[in-house]
Amino acid sequence: GRREACYTHILSVLRFLVKAETEKKQQRSQDRKALIKVAVQSGDPYFHEVLYREMVALGLGTELLQLDANASYLETYLLRAGGLDAHSPGLPLGPLSPEQLTHLDLLAKFYVTRANFSSAAQVYASLAERRSGAGDQQVTLAQRWKCYESAVLQAKSQGDTDLIEDFEAKLTVMGFQKTIAERVAGGGEQQAADSAALNELQAAPKSLSQLFNDYAKPREMWDVCLEVVGFSTHSVDSADVVLRLWDW
């Protein structure tokens with residue numbers, strides 16, 4: 001729009017300083033940082049959004065997090081660009097585009113740099129639980145596992161016992177899901193690979209009861225069943241669900 005056109009010259013210079021092939025690479029880097037340092041002093045929230053978007057597109061995400069700028073501008077931008085600003089609590093995110101993932105990863109790191117580890121943990125958990133999509137919006141179980149691991153790490157940094165227990169439990173359940181999915185995919189003499197079940201397992205995190213009743217028990221994965229039962233007895237909430245729903 002006309003308003004964004006006002007920023008064209010600044011953004012053009014920024015792109016030049018990032019992309020230009022030159023022998024004076026160090027000088028270009030210094031000039032770029034000086035330009036950004038002045039630019040972030042602006043009191044125009046929309047300019048901040050345009051500037052941050054351009055920096056992310058140019059691969060300057062790490063530099064973005066190091067800016068001495070109004071933190072509320074940056075947090076608001078990352079929340080909106082990642083799709084968390086209008087997200088309804090209790091519902092999974094997504095499917096997310098690669099650009100949204102980039103912004104949410106930066107948001108988690110933004111919280112870490114400001115020692116807000118619980119918020120970082122929640123972002124990683126949201127990424128672990130997001131809906132899978134087609135093509136570059138697909139989410140593997142390995143990616144979900146990694147996100148839960150990051151959530152646990154940040155919860156430990158916060159020292160929040162309840163948060164640690166919650167995310168460690170989810171990480172364990174995701175481990176069961178990964179194991180079952182690998183067995184289903186691998187097939188065997190007594191177990192043909194079930195593409196429908198595999199797609200379901202890869203689409204979203206499943207509950208402990210779903211993993212037991214719908215996947216492990218029908219396929220006679222007795223070792224997994226024993227592990228699930230053993231884990232459930234150490235979780236008050238899960239144990240209650242198991243006793244009510246599991247039909248031996």
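The expected span of a helix is 1.5 Å times one less than its number of residues. The legends below describe close-up views of a predicted model.

**Figure 1. Helix α2 and its buried face.** Helix α2 comprises twelve residues, 8–19. From its first C-alpha to its last it reaches 16 Å, close to the 16 Å expected at 1.5 Å a residue. Buried residues of α2 are L11, L14 and L17. Because these buried residues fall within an arc of 125° when seen down the axis of α2, they line one face of the helix. An α-helix has 3.6 residues a turn, so residues three or four places apart point the same way. H9 and K19, on the other side of α2, are exposed. The cover over the buried residues of α2 includes α3 (25–39) and α4 (45–57).

**Figure 2. Helix α4 and its surroundings.** Helix α4 has 13 residues and reaches 19 Å from first C-alpha to last, close to the 18 Å expected at 1.5 Å a residue. Its buried residues are F47, H48, V50, L51, Y52, E54, M55 and V56. Among the elements that cover them are α1 (2–5), α2, α3, α5 (61–65), α6 (71–82) and α7 (98–113). At the start of α4, the backbone nitrogen of Y46 has a side-chain oxygen of D44 within 3.0 Å. Just after α4, G59 adopts a positive phi of about 80°.

Figure 3. The whole structure contains nine salt bridges. One of them joins R32 and E63, whose closest N and O atoms are 2.8 Å apart. This pair links distant parts of the chain, with R32 in helix α3 and E63 in helix α5, 31 residues apart. R32 counts as buried at 11% relative accessibility, and E63 counts as buried at 15%. E49 forms a salt bridge with R80, with the closest N and O atoms 3.0 Å apart. E49 lies in helix α4 and R80 in helix α6, so this pair ties together parts that are 31 residues apart in sequence. R80 counts as partly exposed, at 38% relative accessibility.

Figure 4. E129, D166 and K170 are linked in a network of salt bridges. Between K170 and D166, the closest N and O atoms are 3.9 Å apart. These two residues are four apart in helix α10 (residues 161–186), and are therefore separated by about one helical turn. K170 is partly exposed, with a relative accessible area of 28%; D166 is partly exposed as well, at 33%.

Figure 5. V152 belongs to helix α9 (residues 141–158) and is buried, with a relative accessible area of 7%. Leaving aside neighbours within four places in sequence, V152 is in contact with F167, E168 and L171. V152 and E168 are 16 residues apart in sequence and 6.1 Å apart in space, C-alpha to C-alpha.

Definitions and conventions. Residues numbered from 1 in each chain as written. Predicted model: local features only at pLDDT ≥ 70, side-chain atom pairs only at ≥ 80, totals over all residues. Heavy atoms only, no water. Buried < 20%, exposed > 50% of the residue type's maximum accessible area, 1.4 Å probe, protein only. Arc of directions from axis to C-beta. Contact = heavy atoms within 4.5 Å. Polar contact = N/O pair within 3.5 Å; in protein donor to acceptor, adjacent residues only side chain to side chain. Salt bridge = Lys/Arg side-chain N within 4 Å of Asp/Glu carboxyl O.
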